[in-house]
Amino acid sequence: MHIDLESSWNIGPVAVPTRVVLAPMAGVSVQAFRRQGRRFGAGLVCSEMVSCAGLSHGNERTLGYLKIASDEHPLAVQIFGSDPAVMADAARMVEAAGADLVDVNFGCPVRKVTKTGAGATLLDDPDRACRIVESVVNAVSVPVSVKMRRGLENGSRAALSVGPRLVETGASSLTLHPRSAKQMYTGTADHTLTTELVQLVDVPVIASGDITSRARAQAVLATTGAAAVMVGRAAQGNPWAISEIVRATGDPGREEVVAELVLFMRETVRELGPERATGFLKKFYGWYLGRGRFPKPFKQELVRLDSIAEVEQRLFAAAPGARDVLAVLEETLPAGDEITLDLPISVYGGG
Ligand SMILES: Cc1cc2nc3c(=O)[nH]c(=O)nc-3n(C[C@H](O)[C@H](O)[C@H](O)COP(=O)(O)O)c2cc1C
């Protein structure tokens, strides 16, 4: 079946205008990333996971607190934890902050998270997973979605038995990243499991894993029957991957790349503060300027600079026309009124 990537679909009452969902990625999915994702055609964006544990003991190492802007909607905020009551409290806060969906993380393979009984471990404890979903669904009136791996061990099919139970318990949509937790990001996502899951549930399924192009997105939608695809690593420093998938657009010029990067830097400084942003942004320089867009030594030079102001200067010197592109961008961007959510962004991400 051919699905128009620009067609709208629904998760419960929430209308999602395109078939591309921007993946939650810890250490990546800051507000600038999500707003940019929406601008480039993602129908739904998702915050990286916020820790419910931070609610009861505020001593976790965190990146900061989640801030939501008015132009991010529809937005899912992802929570993780292992205690149904604490998860319900977090979900209420997420709803009060204006999220359109609460997403529950049953996919994180990182040891620091799984050893607390959260993330992908819950695929091995379906009763607890159901209690968490039930408690979250009862706590909020917005739809609740769940993001899963295929299971813990290689070859596991746990998602196919747990997924339908979560839907019976009240989940309004499921995202499947069909790698095992053990695999982390190695090997390939086995979307034959996505096909099976779609056949087992009557809610929309989102296919996550290795969606890097329009052709791949169309093939996965057609073969799995999923309602949408999720794009993660392909969109790191590369929002053009989203517009290529949704609208078949071409590659950006250097001016556009620099303008988007500088905008991203400025927004991130506003969100995280200059000190945190300086280190946080370094990985983005390589991501934006790679893919043959700029020579390698240039990226290495930027990473070595001490301040973001110096990086901006070097970028504009390399692509002077970017100033005008940025000015237009900044003028047309909607002002993002912000709400800060009192939930910490965990540094231990993954899913
Ligand atoms: C750096 C990084 C951080 C991630 N953090 C999260 C997270 O916080 N929550 C989550 O559900 N998945 C997380 N994921 C998994 C992605 O959402 C996605 O399912 C996975 O990367 C596969 O999609 P891709 O091949 O398009 O990257 C993360 C992935 C990466 C690469």
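I would like to begin with a cluster of aromatic residues, in which ring pairs link Phe40, Trp240, Phe264, Phe280, Phe284, Trp287 and Tyr288. Please keep in mind that what we are looking at is a predicted model.

Across the whole structure, a search finds seven aromatic pairs. Take Phe40 and Trp240, whose ring centres are 5.7 Å apart and whose planes meet at 80°, so that this pair counts as edge-to-face. Because Phe40 lies in the loop between H1 and strand S4 while Trp240 belongs to helix H9, the pair ties together parts that are 200 residues apart in sequence. Both Phe40 and Trp240 are buried.

A second pair, Phe264 with Tyr288, is tilted, with 5.9 Å from centre to centre and 50° between the planes. Here Phe264 sits in helix H10 and Tyr288 in helix H11, 24 residues apart. Phe264 has 2% relative accessibility and therefore counts as buried, and Tyr288, with a relative accessible area of 1%, is buried as well.

Let me turn now to helix H1, where seven of the nine residues are buried, so the helix is largely enclosed by the rest of the structure. Among those buried residues are Phe33, Arg34 and Arg35.

Finally, what comes nearest to the ligand? Of the 18 residues around the ligand, these are Ala26, Gln78, Ser208, Asp210 and Arg233. For Arg233, a polar side-chain atom lies 2.7 Å from an oxygen atom of the ligand. Taken alone, the ligand exposes 610 Å², and the protein buries 92% of that.

Technical notes
Residues numbered from 1 in each chain as written. Predicted model: local features only at pLDDT ≥ 70, side-chain atom pairs only at ≥ 80, totals over all residues. Heavy atoms only, no water. Near = heavy atom within 4 Å. Polar contact = N/O pair within 3.5 Å; in protein donor to acceptor, adjacent residues only side chain to side chain. Areas by Shrake-Rupley, 256 points an atom, 1.4 Å probe, with all protein chains shown as cover. Buried < 20%, exposed > 50% of the residue type's maximum accessible area, 1.4 Å probe, protein only. Helix = DSSP H or I, 4+ residues; strand = E, 2+ residues; numbered from the N terminus. Phe/Tyr/Trp six-rings, centres within 6.5 Å; stacked < 30°, edge-to-face > 60°.
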